[in-house]
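Please look over the chain below.

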Amino acid sequence: MSSLTNTAAPSRRWLTLITVGLAQLMVVLDATVVNIALPSAQADLGFSDGDRQWVVTAYSLAFGALLLLGGRLSDLIGRKRTFVIGLIGFAAASALGGAAPDFGVLVAARALQGVFGALLAPTALAVLTTTFTIPKERARAFGVFGAIAGAGGAVGLLLGGFLTEQLDWRWNLYINVFIAVIAIIGVFLFVGNVDSDGPRPKLDVPGTLLVSGGLFGIVFGFANAETDGWDSPLAWGVLAAALVLLVAFVLWQRRAAHPLLPLAIVLDRNRAASYLSILIAGAGMFGIFLFVTYFLQASLGFSPMQTGFSFLPMVLMLVLAAQLSTNFLLPRLGAKVMVPIGMALGTVGMLLLTRLQLDSVYAVDVLPALMVLGLAMGSIMPASMQTATLGVDRHFAGVASAMVNTSQQVGGSIGTALLNTIAATATADYIASRLPADAETAASAAVAGYAAAYGWGAGFFAVGGVIAALLFRRRVRIADADGAVPSTTGADAEPIAAL
């Protein structure tokens, strides 16, 4: 078994944070940075509208299916080694995609990005977890990391618009090579060495196959439902098979000698609440990026770059909220208060978006909603991520961190499929009630569809707030001002035991 040492000097620990932050940003933004470039890539390579979705889906399928395996490998073979392998592989896959001569190579490169992203994402969070063990420093580090995780999608839209307009769609992939090179240098300079402190357990191969197949089925099933409709036998068949595989995985984990995911990780109330909060927030957030992007470009006539910059205030509010939450509010109030507050803000922000019309003005109608949603995600993500990895034995930090990324990925897949279906249905109903439809009717119908999706997104956040308020354990605070970890209080307070 191996783990990173955490005896480095404070300055070195913060440089480690920059390194893992770069890796996390690269993985998160790559889920959205390609979206804006898709029309240009399609025109260049000549693939059909039906094939277009696979440029996005190939990444999410590989990424979502292999996250738990990637997290466990980081525990088994060492986080520094896994980190370097992930960075080199992600850079190579990105270079391949940028140079792709045809559609097949581009899709294959995106799938490879997903494979190595599944190594990078949980390893980056595990490095952070085992490097920052002093509560005050840990809070600040997770504030930064959580802000990156929450804002990465918006940053991807901003960067994608700039690169597509100013350079070429291929630079949306080439840019990862430069980020990865900087991160690799940072790993060798600042990330601590690994220590061997016991026999290395075997990889749980049956568990890996079961959970990878199950997660693949969930992502593929919802992606298929999004494109072929909810009456698709293939979508329901794959989702049913995925459920069977995941149930079998849980049963196997109860008896495996070296379980891939020890069930104690997810059965802890705080961690379960954190994973559910991340899943629900991920489902709601995809409605923001997807439909607000459509609205700004198709309804208000924004260019790709203008659309990207339109999300910048949300990113700034997210970063501000993340720092305030982790450094001041979370240590005093705990996740039981902070996460429901964030969910309530998310509900308000989504409801504000339902008011958008064809004659809406960005500064008056769109901007306030995005700023509120930035505050929401800055309150939810860092608090949930920090709580999800708090108290986990360092030998299982990788797989516990992988559950964070898995929750976000599965939430995004579910949210995209459900909200797209809801929007498409509302749009069709609007047009059907106003036949014969002209161009203005079609434009208004699209906005009505977006509003329906925002309304359901508000419902996601509202349900998430109730779940978080009920499930998180009551804590006075995570850390006192001097960095000491206080005891919990209250009738339902329980210690967070290490595995």
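The sections below go from the whole chain to single side chains.

## Overall make-up

The model is predicted. The chain has 17 helices and two strands. It counts 499 residues, and buried residues make up 57% of them.

Contacts reach across the sequence. Take those between residues at least 6 apart: 82% of them join residues at least 24 apart.

## Helices α4 and α5

Helix α4 covers residues 79-98, and helix α5 covers residues 103-131. Their axes come within 8 Å. The crossing angle is roughly 155°. An angle over 145 degrees counts as roughly antiparallel, so α4 and α5 are roughly antiparallel to each other.

The crossing of α4 and α5 is left-handed. What kinds of residues make up the contact of α4 with α5? There are 16 nonpolar residues, nine polar and one charged.

## Aromatic pairs

Aromatic pairs number six in the count. A pair of aromatic rings is described by the distance of the centres and the angle of the planes.

Phe291 and Tyr450 form a tilted pair. The ring centres are 5.9 Å apart, with 40° between the planes. Where in the chain do Phe291 and Tyr450 lie? Phe291 sits in helix α11 (residues 269-299), and Tyr450 sits in helix α17 (residues 439-471). The two residues are 159 residues apart, so the pair links distant parts of the chain. Phe291 has a relative accessible area of 2% and is therefore buried. Tyr450, with a value of 11%, is also buried.

## A pair from loop to helix

Phe302 and Tyr362 form another tilted pair. Phe302 belongs to the loop between α11 and α12 (304-310). Tyr362 belongs to helix α15 (residues 362-389).

Phe302 has 22%, so Phe302 is partly exposed. Tyr362 has 18%, so Tyr362 is buried.

## An aromatic cluster

Which residues form one aromatic cluster? The members are Trp171, Tyr174 and Phe178.

How values were computed: Residues numbered from 1 in each chain as written. Predicted model: local features only at pLDDT ≥ 70, side-chain atom pairs only at ≥ 80, totals over all residues. Heavy atoms only, no water. Axes fitted to C-alpha atoms, helices over the stretch in contact; angles between N-to-C directions. Helix = DSSP H or I, 4+ residues; strand = E, 2+ residues; numbered from the N terminus. Parallel < 35°, antiparallel > 145°, perpendicular 65-115°, else oblique. Left-handed = near helix turned anticlockwise from the far one by under 90°. Nonpolar A, V, L, I, M, F, W, Y, C, P; charged D, E, K, R; others polar. Phe/Tyr/Trp six-rings, centres within 6.5 Å; stacked < 30°, edge-to-face > 60°. Buried < 20%, exposed > 50% of the residue type's maximum accessible area, 1.4 Å probe, protein only. Contact = heavy atoms within 4.5 Å.
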